[in-house]
Amino acid sequence: MSSTALRAAVLGAATGGRSMTGLSAVALTTPPGTRPTWVARLGGPWGRRVTAMAAAGEMLADKTPRVPSRLAPPVLAERIIMGVVSAAALARRDGVRPALPVVFAVAAVVGASLAGVRWRTYAQRRGWGMAGAVAEDVLTVGLAAAACTLGRRR
């Protein structure tokens, strides 16, 4: 098993917490000139700005009561797709075939989505609604950063 597959699982867990955070972390840590070209574009100025703004916007929107459950079929499907794209970009950036990293990431997306709902329900019942959401944001960003920087192939 490769370190990239394990890092993809951590990235998938971040994506299960906030769907755009994983892809944004890959974009923000990808140096210019990376191969393949689509990953280099993701790490370019435009890709970095778009993914970072999407991640920040999602974190803000998540605090509103109108946001649907992350377990609703279309929302979970979107998270899974973002997990696949993020893990594939991470794997390609590392020069690894993406099949195993993608499988690990998808499993982690689903597991983290379930865990996130349980955590938010628990936090809400304790009166920690906003604090619980912010704690989840911090954990998600930390997981994404660790997945994209620790043990990285150069």
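Helices, numbered from the N terminus, are DSSP runs of type H or I with at least four residues. The structure here is a predicted model, in which local features need pLDDT of at least 70, side-chain atom pairs count only at pLDDT 80 or more, and totals for chains, interfaces and linings use all residues. Residues are numbered from 1 along each chain as its sequence is written, and side-chain values use heavy atoms, with hydrogens and water left out.

Let's start with helix H1, residues 3–17. How many residues of H1 are buried? Eleven of the 15 are, so to speak, under cover, where buried means under 20% relative accessible area, exposed means over 50%, and partly exposed lies in between (1.4 Å probe, protein chains only). Among them are Thr4, Arg7, Leu11 and Gly17. The buried residues of H1 pack against helices H2 (21–29), H5 (73–94), H6 (99–125) and H7 (129–149); contact here means heavy atoms within 4.5 Å.

Two of those partners, H5 and H6, also meet each other. Two packed helices are described by the angle between their axes and the distance between the axes. The axes of H5 and H6 come within 8 Å and cross at roughly 145 degrees. These axes are lines fitted to C-alpha atoms over the stretch in contact, with angles running from 0 to 180 degrees between N-to-C directions. Residues making the contact include Leu76, Ile80 and Ala87 of H5, and Val102, Val106 and Ser113 of H6.

Of its 21 residues, Leu11, Val26, Leu42, Leu90 and Cys148 touch the most other members. H1, H2, H3, H5, H6 and H7 each supply at least two residues, and H5 gives the largest share, five. Leucine 42 has Leu23, Val26 and Ala89 among its contacts, not counting residues up to four places away in sequence.

Aspartate 137 sits in helix H7 and counts as buried because its relative accessibility is 9%. Leaving aside residues up to four places away in sequence, aspartate 137 touches Arg18, Met59 and Lys63.

Conventions: A nonpolar core is a set of buried Ala, Val, Leu, Ile, Met, Phe, Trp, Tyr and Cys residues joined through side-chain atoms within 4.5 Å.
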